[in-house]
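These are my notes from a first reading of the structure. I began with a single residue and then turned to a sheet and the helices beside it.

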Amino acid sequence: MRKRMRGFLAALLCAAVLLSLFPGCSRQEPEKVEYLIGVSQANMRESWRLALIRELKEEAAKHPGVRLIFTDATQNSDKQIADIRRLLACGVDLLIVSPCDVKKITPVVSGVYKSIPVIVMDRVVEGYDYSLFIGPDNRSIGKQAGESVLRMLDGIPGGVLEICGSTGSQTSAERSEGFQSFLKPYRQLDIRKISIENESRDSTEDYLLANREKLNGVRVIFAHNDYMALGACRAIEKLGLKNIRIIGVDGFTGENDGIGLVRKGMIDETITCPTGGREAIQFSLDILRNVAGVPKQEILHSHKVTKENVDAFVENLNKPQTAPPQTIRVGYAQVGTESAWRLANTESIQSAAKEFGIQLFYENADQSQQRQIQALRKFIAMKVDAIVLSPVIDSGWDEVLREAKEAGIPVILSDREITVKDDDMFLTFIGADFVEEGRRAMRWIAQNVPSGGKKGGVRIMELQGTVGASPAVERTVGFEEILKEYSGYQIVYSRSGDFTYDGGKRIVEEYLKNHKWDIDVVYAHNDDMALGAAEALEKNGIAPGKDVKIISIDGTKNALNAILKGKMNCVVECNPLLGPQLMKAITDLMSGKELPLRIITDEKVFTKENTEETIQSRKY
Ligand code: GYE
């Protein structure tokens, strides 16, 4: 009740504040407000941002008791910071923020996150001090545009013009990076680049009319949004130029939005950039109601829409969700049983399948890619409804995934990622941000292991996971990204222990055969290798956690116990309990719902300061 009274009073107070700040609010009757959600928008000028507001309102209207308050920062960070403070003063239960300037807003979001949940939209802030990020993969949008340019040029070299947004925009920088790096190998292409600061139709048209030479020999234009694409189209028409193909981004369905322009043949393609408004309200309620399984990041899919598929795309967009089929049959190709993490992961997936009533065909590949490929071919022959693959290594999957695609069987990646030529070989990835895990490990070392170790500086031994496995590759990338900021810290010995206990033990034993122990820190890509290393160290009279610092990744009970015993110093969490999210995603998919491109799990860092409170409830 107190909360309801507070909500009601808050609504009343806000009504008063709104009256003074936004005279238009006077018509709002106070209603029983269960949840008051503040939305700080970067500006209300760009069509994409207006579409986000529209979608937030539409979805919120479906949930009685949910009240939204919007603020418009007019693309000014100082105003956005003041807006956020004002929303907090209104007593909002949750903040949704679409940052103007990520760098300036990051510390504000971290501050707010200490008191209420925060959902960040569109441009991710630095670090992980927020509840959830929902946004597009702008590099993938750029890459998709690059693929379309090659398709449109059809092997005949020609000029390409990239029309970017404002020079300070993170979105535009990422789209351009994806585009340019994809086309880099095609040296025969003449790629030009311009920026339109206000990203508008008219400024683009005016610029091209005034700089006609930019279009000399151009055969394809990639504009970072549909409105600049329309501006280019109008300029080309006025200049009487012919046969220039145009690609835009956003793909909203209005008459003069991307879909409408493709239908009218004014542009050749638009790459969709969904706002995530619907998801933001749905997740806001999950967070406020403490529903389990809310991820840390939800990266939304972008699709290419052309004259050929526009009708099917719009039909699919409007297709109502249906009830999932009675029995859903899923083939699940698991890596193996190499670690405590893996066993917890398998158990989580098998028990969630039972809970969701999903028939699961489980294959354990014992860390063999060949056996996983055989398992996938078996699932294809069984005509399962979906395949879940936890790929032992990240390459060599194109052929079998093409077979699954041709059989019309969607593939979901669980836990580990792959590199494939064609991104639509799999539907979604559910798992962790391994690069961030590596960064967290090295940040802890830099903050907790002072320089001036056994031989001056800090000497690090790295126990790598399976060679070619995405967690191993990315945990090294993230670690080295931070390592290079700290001179005197050095990886002096690095070997693969294949994510196994014996592997970790073997590496230390081999090292001690040829060296006197001169290592300050052991950085293990998983707990099992770290615990194996600790056993070998103890056998050689070296106290793990004391004579040498030990840091690992996973967060299993054994490792947390080792922290409490002082035999390990830090564990970066990697959440194995992917079952519920995976089964929810499969059920959504079977009900006709579009799945996001990536679902990234929420994770912590454990040290002796915060392990006690966790270990009691640790399931694995
Ligand atoms: O860290 C390790 C397991 O793929 C994230 O694989 C997983 C890793 C995990 O063997 O324990």
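Entry 1. I looked up R342 and found it in helix α12, which covers residues 340-356. I note that the model is a predicted one.

Entry 2. I then asked which residues R342 is in contact with, leaving aside its neighbours within four places in sequence.

Entry 3. I moved on to an open sheet of six strands. I read its order as β19-β18-β20-β21-β22-β24, and the pairing is mixed. The edge strands are β19 (489-496) and β24 (605-606), each of which pairs on one side only.

Entry 4. I examined how β24 is held to strand β22 (residues 570-573). Two bridges join them, and the two strands run antiparallel. For V572, I found the bridge partner in β24 to be V605.

Entry 5. I asked which strands helix α15 (residues 434-448) lies across. I noted β18 (458-464), β19, β20 (521-524), β21 (549-554), β22 and β24. Helix α15 runs at about 160 degrees to β21.

Entry 6. I made the corresponding entry for helix α18 (residues 527-539), which lies across β18, β20, β21 and β22. Its angle to β21 is about 155 degrees.

Methods
Residues numbered from 1 in each chain as written. Predicted model: local features only at pLDDT ≥ 70, side-chain atom pairs only at ≥ 80, totals over all residues. Heavy atoms only, no water. Helix = DSSP H or I, 4+ residues; strand = E, 2+ residues; numbered from the N terminus. Contact = heavy atoms within 4.5 Å. Pairing = 2+ DSSP bridges. Axes fitted to C-alpha atoms, helices over the stretch in contact; angles between N-to-C directions.
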